[in-house]
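Colleague: I'm new to this one. Could you walk me through it?

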Amino acid sequence: MSDFQKEVADRIAAVPANKQLCETAAAFMSASTVPKYSYNFSWQGRPIIQYPQDMIAMQELVWSIKPDLIIETGIAHGGSLIFSASLLAQLDLCDAIETGEMLDPKKSRRKVLGIDIDIRAHNREAIEAHPMASRIQMIQGSSIAPEIIDQVKAVAQKYSRVLIYLDSNHTHDHVLAELEAYASLTSKGSYCVVFDTVVEDLPKEMFPDRPWGPGDNPKTAVWEYLKTHPEFEIDKSIQNKLLLTVAPDGYLKRV
Ligand SMILES: C[S@@+](CC[C@H](N)C(=O)[O-])C[C@H]1O[C@@H](n2cnc3c(N)ncnc32)[C@H](O)[C@@H]1O
C-alpha cells in the first residue's frame, strides 16, 4: 500500500468517530429522501435512481474487480444498466490499449444482465436504442420467480467475474429471497451490493405508500442472510467513505 493509500484508509477508518460528520450525513440522507433526491440524475441520457456517491463506489468496484458480468435486479428507466455497460466498455477499451488488439466497439465478452418485473415499453425502447445496448441483456419477470432465477443462472455460468446489484422490491422477504437466489453467483473477491438498506435508518412515516419500512427492508434481509453466510462480509469502509449512501451495510464482499 502506498503512503497515499494508507492516508486514505486511515482517514476513512476515522470517520465513524467523527460525530459531527456522521450526524450531518445522516441528516442529509433523511432530508433528501422525501424530495426524491435520488431521482434527479441521469447517466448518458438515461435516468438513474441512485445517489452520485454510490455511483462512484460502483465505479471503484468495477475498476478493481474488472467483472465480465454485472447482474442487476431493478431496471426502472435503465440508467443503472447504461452506467454499468459504459464502465464495462471502458474496461474493453483499456484491454485493447494494453494488448494492442483491434476493438470492435459493438462486440464485448462483458455483459450487464438486468431483471425487472415490469420493463415499460418506452424504457425498453430507449435502452435498446442506446449506444451501450450491445452490452445489455434484459429479462422481464420477478427476480425471485424460479424460472427467472434459472435463466439468470444459465447466463451467469458463462462468465467468471460476477458483480451483483440488488435494487428491486425492497421488502425483507423479497431481498432475502434475492440474496438466496443470486448472492452465491458473486465471484470470490467481488461484491453483492444491496441497495436501499438505508430504509432501516429512516422514520416509518417516510414510506407511507410502500410495503417496506424500518424493521422490514433490505438491511434486515442482509443481517438475516449473513447469519448463515460467513462467505460474505459487510465492507464498512465503503459506507464510511461515502457517508451519503443508500446502501449502509449493503456492500457485501465475498471473501
Ligand atoms: C428502485 S427501481 C430500480 C432503479 C435502478 N436500479 C436504477 O439504479 O436506476 C426498482 C425497480 O424494481 C422493479 N421491481 C419491483 N418488484 C420487482 C420484482 N419482484 N422483480 C424484479 N423487479 C422488480 C420495479 O419495476 C422498478 O423498476
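This is a predicted model: local features need pLDDT of at least 70, side-chain atom pairs count only at pLDDT 80 or more; totals for chains, interfaces and linings use all residues.

Colleague: Let's start with the strands: which residue in S9 is the bridge partner of phenylalanine 232?

Modeller: Phenylalanine 232 belongs to strand S8, residues 232-234. That strand runs antiparallel to S9, and 3 bridges join the two. In S9, phenylalanine 232 is partnered by arginine 254.

Colleague: And which residue in S9 does cysteine 192 stand opposite?

Modeller: Look at strand S7, residues 191-194, which is joined by 3 bridges to S9, residues 251-254. S7 and S9 run antiparallel. Opposite cysteine 192 you'll find leucine 252.

Colleague: Now the ligand: which elements give two or more residues to the shell around it?

Modeller: The ligand has 18 residues around it, and the closest are Gly74, Ala76, Ser80, Ser168 and Asn169. Two or more residues of the shell come from each of these elements: helix H4 (79-99) and strand S4 (111-116).

Colleague: How many charged residues does that shell have?

Modeller: Sort the shell by class and you get 6 nonpolar and 9 polar residues. The charged ones number 3.

Colleague: Is H7 parallel or oblique to H8, and why?

Modeller: Helix H7 (residues 172-182) and helix H8 (residues 218-227) pack with their axes 8 Å apart, at an angle of about 45°. Angles under 35 degrees would count as roughly parallel, and 65 to 115 as roughly perpendicular. The angle here therefore makes H7 oblique to H8.

Colleague: Which residues of H8 do His172, Val175, Leu176 and Leu179 meet?

Modeller: Those four sit in H7, which passes H8 in a right-handed crossing. On the H8 side they meet Pro218, Thr220, Ala221, Glu224 and Tyr225.

Conventions
Residues are numbered from 1 along each chain as its sequence is written. Two strands pair if DSSP finds at least two bridges between them. A residue is near a molecule or strand if its C-beta atom, placed from the backbone, lies within 6 Å of it. Ala, Val, Leu, Ile, Met, Phe, Trp, Tyr, Cys and Pro count as nonpolar, Asp, Glu, Lys and Arg as charged, and the others, Gly among them, as polar. Axes are lines fitted to C-alpha atoms, for helices over the stretch in contact, and angles run from 0 to 180 degrees between N-to-C directions. Angles under 35 degrees count as roughly parallel, over 145 as roughly antiparallel, 65 to 115 as roughly perpendicular and the rest as oblique. A crossing is left-handed if the near helix is turned anticlockwise from the far one by less than a right angle, and right-handed if clockwise. Two residues are in contact if their C-beta atoms, placed from the backbone, lie within 7 Å.
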